[in-house]
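Dear colleague,

Please find below the structure that I am handing over to you. My findings follow directly after it.

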Amino acid sequence: MKRLFSERMSQPKPRVLETLDTNVRVAFLQMIQTRIANNAFGLAFPDQCPDNRGNSGTDERALQANMAGFHVVWPPTAIHMDHDELTDAQIFDLLEYSFEHVAKPVPRDFHSYFSHYHFDYDQPGGRQDLLVEVNRLFEHNGLAYELRDGQVERMAPTVLQQVLTHQAFSTGDATLDQLLTTARDKFLNRDLATRREALEKLWDA
């Protein structure tokens, strides 16, 4: 999605917010619900054509059962819930689960008897499309999160992010290096309690 007028005409919104509001939660739920409806999970959870002519989309019951097993919210149900009951962690789990299983459906041929298409799938393309859309929504709302390699990660301020992400500690003391590395990883974690633990590791260091 291209940048909107208000974004082009003003300074970029600072990426400092750490809590999703209701609109963002609903947008993420709808984002995944749309992919379920568009058969983007058919590679991982295929619905086979009754005539054995190939993959005819997503087996939604298998997908829902698997998501329930991992305690991941089911978007078609969650989107009608009181969204204040949903936690940010549940939304982030949904995004990470979806990235793991999503793929871009590519219609191959139309089966007129059953009125359905048969699909091939582009998993790298499907994952990239989801990553771009998720990060676009984070950016637009000034949220300090980013989906990277299938994981939602907290962003530090830009300069600090660049320094910390690529910093390899080499003090000559293996224990100190490990403590500093652990502190860095905890500081960049999306969970507030884990970030507090970073201070403990720095104190230990």
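A crossing of two helices is called right-handed if the near helix is turned clockwise from the far one by less than a right angle, and left-handed if it is turned anticlockwise. Please note that this is a predicted model.

The definition applies to helix 3 and helix 5, whose crossing is right-handed. Two packed helices are described by the angle between their axes and the distance between the axes. Helix 3 spans residues 60–69 and helix 5 spans residues 88–101; they pack at an angle of about 135 degrees, and their axes are 12 Å apart. An angle over 145 degrees would count as roughly antiparallel and one of 65 to 115 as roughly perpendicular; helix 3 and helix 5 are therefore oblique to each other.

Which residues meet where these helices pack? On the side of helix 3 they are L63, N66 and M67, and on the side of helix 5 they are L94, Y97 and H101. Of the residues in this contact, four are nonpolar, two are polar and none is charged.

Both ends of helix 3 also deserve a remark. After the helix comes H71, which has a positive phi near 60 degrees.

Finally, the model contains six aromatic pairs. F70 belongs to the loop between helix 3 and helix 4 (75–78), whereas Y97 belongs to helix 5, so the pair ties together parts that are 27 residues apart in sequence.

With kind regards

Methods
Residues numbered from 1 in each chain as written. Predicted model: local features only at pLDDT ≥ 70, side-chain atom pairs only at ≥ 80, totals over all residues. Heavy atoms only, no water. Axes fitted to C-alpha atoms, helices over the stretch in contact; angles between N-to-C directions. Helix = DSSP H or I, 4+ residues; strand = E, 2+ residues; numbered from the N terminus. Parallel < 35°, antiparallel > 145°, perpendicular 65-115°, else oblique. Contact = heavy atoms within 4.5 Å. Nonpolar A, V, L, I, M, F, W, Y, C, P; charged D, E, K, R; others polar. Phe/Tyr/Trp six-rings, centres within 6.5 Å; stacked < 30°, edge-to-face > 60°.
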